[in-house]
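Subject: Handover of a structure and its findings

Dear colleague,

Please find below the structure that I am passing on to you. I would ask you to keep it open while you read the notes that follow.

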Amino acid sequence: MEKNTKNPPAATPEAGKTLSKPRIFFGIILLVLSLVMAGSFASYLMNWKADQSQAGTMLDRSVKSSNLFGKVGDWFGKIFIFDSIGVAAFIVAFLFFVVGMLILKKRYFKPWKTIGHSLFFICWLPIFFGAVTQGVGTLSGVYGYQIVDFLTSVIGLVGLWAVIAVSIGMYFILEFNMRPSAIKNRLNDINDKTVGKIKGMMPSSAEDFEADTELEELAGNGNEISNVTVTEDVPRAASTITEVPKGFPEVEVNNDLETITTPNRTSFEEMDEAASTTVTLTPSAPIPNLPASFQSEADSFEFKVEVAQEIDEPQDEADIKSADLVKQHGFYDHTLDLAKFQMPHINLLKDYGSEEISINKEELEENKNKIVGLLKNFNVGIAEIKATIGPTVTLYEIVPEAGIRVAAIKKLQDDIALNLSAMGIRIIAPMPGKGTIGIEVPRKNPTMVSMRSVLASHKFQNSDMDLPVVFGKTISNEIFMADLAKMPHLLMAGATGQGKSVGINAILTSLLYKKHPSELKFVMVDPKKVELTLYSKIERHYLAKLPDSDDAIITDTHKVINTLNSLCIEMDSRYELLKNAFCRTIKEYNGKFKERKLNPENGHRYLPYIVLVVDEFADLIMTAGKEVEHPIARLAQLARAVGIHLIVATQRPSVNVITGMIKANFPARAAFRVISSVDSRTILDATGADQLIGKGDMLYFNGNEILRLQCAFVDTPEVEKIVDYIGAQKGYASAFLLPEVPNEEGQSGSAAFDPNEKDALFEDAARIVVSTQQGSTSMLQRQLKLGYNRAGRIMDQLEAAGVVGGFNGAKAREVQITDLNSLEQFLQDLRR
Ligand SMILES: Nc1ncnc2c1ncn2[C@@H]1O[C@H](COP(=O)(O)OP(=O)(O)OP(=O)(O)O)[C@@H](O)[C@H]1O
């Protein structure tokens, strides 16, 4: 029963100490007693029928006993076996032995474990044998018989066997972790090992096979190999070479040559010892090429080689449970509610024809000559000039002659623009990482970059970004994409009519082409009331809104404040979920949720990304000021990890709209043409946006460098087609509901509490809150299995009734009633 008996651990330091005499005495008495009992029991089992009549004749010398230990043996047998527990009596003898050993400080057994196992079998075996034999006998003893008799009368024979089977089943499950999955794993292990052994015994390669064949041939010849002895100390080796084929020379492995110790892995406790295989090699044969003086030294020490083995980390309960769930149901599929949802196809977008860059040699030559001539006039010598043609602008890169100062060329910007008689000239001196000076000159006939071409591109189709946003093309005609999840928020500015709305549509379209409705929700704020209205058609697929609002597109400033506060609550509750799941990012969290490691009963849910789009931020700031600025700044500072990202656009990029606080938290910025260089500095911290040519010509700042891009063009009818296509498909029952915002300033609304309108679960919720002393909505959600909104409403009622205190930000509300008795009294008063 105890595995450790096979491999007794090294004696403890305690064992080495001398034991007191009474201790030795008692220890030995118990050991002897256990042996006498075991002998008596064995002997009794063989002779009990003959000796049964001798009961009560202990002192009668005329009566002889055939028990090994005479009448005492008979007495032991009768008392322990016949009158009580049958063959389980051997376990009692074993327990005496264990206790004796423990007294003698021989810790071969784990006392409590051994006693636990023993007691279980002392109870179980008599019942089992009683059920098998159905009568008094030495197997079950009277105790077993009577219990079986009693149980049969109460629960019947089937019930009795059920109890026996369930109890032994539970024993194995609890004691040896024998769940079906664990058994399967073990069987797989055994299978692997067996296959491994068989493989090991078979020639693994052609070479081995040849070697084996050679050996067989030698065996056939019956000579050569000799003088190797297999000793008993090498059990594995010996066991594999037991059957020596006939005619094969005797193979002997000398124990002096090598000792291989591979501890058997028996239990988790022994795992550490089992983790390494120790091979001790003691060379006895002389080592060739070693001087004689070293030879004896080499012989005198032991050479130990330790091979570390892989330790199979034991999985914890939760891991095993989630693995079982995944086996049964597969990974959680967040798209299942809208499993048939078809992502929009590329044909919904208009084909604007070929976007091949046409090279106008005359224009190129003309511009080149103008630049070179102008610079010459200002005494700026050029060593080299090169042109790169983009969709909207051509970049002329010049390498100035040695000794020319960069600042001198930069100063000539206006002169060059005048000379080229073109708008939108931008001089980049020096070009980052290139050692040249760049002059961007708009093309006379720019090529349009269509949304269709960029979305159809290989780059976008195969992108593995979390929130891929394709802006358009760079100056060198490459498709430019960025991950909104990494930006993590985007500030957009541009004077009216310069392509900002098209830019927002391009961003939204790229997300709609990549993300399933279950993965992404938009919160749209459109104070201008016209730009984003189009998207209301996809409300039940992609939009999020406050529970009490009719329209998902928010146009009212007051509602914007509520929505932003609601997003802050959503952010806090997501942080709480991430904290409870030990995750740092939404991606990690959703990954765990998909692997079924997070229990929805504990409030866990699949978290879609939320993208807040504000078209015309200036309007909001002007009307609501700090009330808007604060939640926006808070979200911008904290929300990235929980998958909430902001896109804030404005046509008035003045410092009182894009404040320092906002700017500091929006590292990614996109600027379309702005009116003044001051505006350009406000948005980009650099001039340049005032030099753009409009029509989607933009500068993108990613925190490090400013890139000039041509924004992809998507027209309103195209967007309409996309939203119609999505909107026509089956959607969710409603838009994604954001958490309700507690009433203003979180004041207690006891005056507003109406007992007649309280929720059916109001009292239950009050009891939960008071008994746990936790005023948390998510806890109510879990305990009462409610949606967030209903739980929130109940919490508001509890607040109104005065059971809990006001809304307390991310913390739980204070509970005003301290114990259940007072609560019951309180509830009774409310009912009157
Ligand atoms: N990427 C682009 N490619 C080609 N043309 C564009 C592009 N972006 C914008 N345009 C042109 O510029 C016009 C105005 O663009 P858009 O409506 O986006 O401006 P806006 O900055 O949003 O203006 P407002 O702030 O008044 O809404 C478009 O109708 C279109 O003709």
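At roughly what angle do the axes of helix 27 and helix 28 cross? The axes of helix 27 (residues 762-772) and helix 28 (residues 777-784) cross at roughly 120° and come within 10 Å. Axes here are lines fitted to C-alpha atoms, for helices over the stretch in contact, and angles run from 0 to 180 degrees between N-to-C directions. Helix 27 is therefore oblique to helix 28, given that angles under 35 degrees count as roughly parallel, over 145 as roughly antiparallel, 65 to 115 as roughly perpendicular and the rest as oblique. Asp-764, Ala-765, Ile-768 and Thr-772 of helix 27 make the contact with Met-779, Leu-780, Gln-783 and Leu-784 of helix 28. Two residues are in contact if their C-beta atoms, placed from the backbone, lie within 7 Å. By class, this contact has 5 nonpolar, 2 polar and 1 charged residues. In this scheme Ala, Val, Leu, Ile, Met, Phe, Trp, Tyr, Cys and Pro count as nonpolar, Asp, Glu, Lys and Arg as charged, and the others, Gly among them, as polar.

Two notes on the model are needed before going further. Residues are numbered from 1 along each chain as its sequence is written. The model is predicted: local features need pLDDT of at least 70, side-chain atom pairs count only at pLDDT 80 or more, and totals for chains, interfaces and linings use all residues.

**The chain as a whole**

The secondary structure of the protein chain comes to 30 helices and 19 strands; helices (H or I, at least four residues) and strands (E, at least two) are DSSP runs, numbered from the N terminus. Of its 832 residues, 32% count as buried. A residue is buried if 20 or more other C-beta atoms lie within 10 Å of its own, exposed if 12 or fewer, and partly exposed in between, with C-beta atoms placed from the backbone. Among contacts in the protein chain with a separation of 6 or more, 66% are between residues 24 or more positions apart.

**Regions taken from UniProt**

An unreviewed UniProt entry lists residues 24-46, 79-104, 116-144 and 150-174 under "transmembrane region". UniProt positions are given in the numbering used here, feature names are shortened, and annotations may be inferred rather than shown by experiment. Residues 150-174 are 100% helix and 0% strand, with end C-alpha atoms 27 Å apart. For residues 79-104 the figures are 85% helix and 0% strand, and the end C-alpha atoms are 28 Å apart.

Under "binding site", the unreviewed entry lists Gly-494, Ala-495, Thr-496, Gly-497, Gln-498, Gly-499, Lys-500 and Ser-501. Gln-498 lies in the loop between strand 10 (490-493) and helix 18 (500-514), while Ser-501 is found in helix 18. Is Gln-498 buried or exposed? Gln-498 is buried, because 25 other C-beta atoms lie within 10 Å. Ser-501 also counts as buried, with 21 C-beta neighbours inside 10 Å. Leaving aside neighbours within four places in sequence, Gln-498 is in contact with Phe-672, Arg-673 and Gly-694.

Not counting residues up to four places away in sequence, Ser-510 touches Leu-455, Pro-468, Val-469 and Val-470.

Phe-713 is found in the loop between strand 18 (706-711) and helix 26 (716-727). With 23 C-beta neighbours inside 10 Å, Phe-713 counts as buried. Beyond residues up to four places away in sequence, Phe-713 touches several residues, including Met-448, Val-502 and Gly-696. Phe-713 and Lys-350 are 363 residues apart in sequence, yet their C-alpha atoms are 10.0 Å apart in space.

**Helix 20, helix 22 and backbone details**

The axes of helix 20 (residues 557-580) and helix 22 (residues 617-624) come within 10 Å and cross at roughly 95°, so the two helices are roughly perpendicular to each other. Thr-557, Val-560 and Ile-561 of helix 20 meet Leu-620, Thr-623 and Ala-624 of helix 22 in this contact.

Glu-616, in the loop between strand 14 (609-615) and helix 22, has a phi near 85°, a positive value in a residue other than glycine. Lys-695 is not a glycine either, and has a positive phi of about 55°. Finally, the peptide bond from Met-487 to Pro-488 is cis, with omega near -10°.

Yours sincerely
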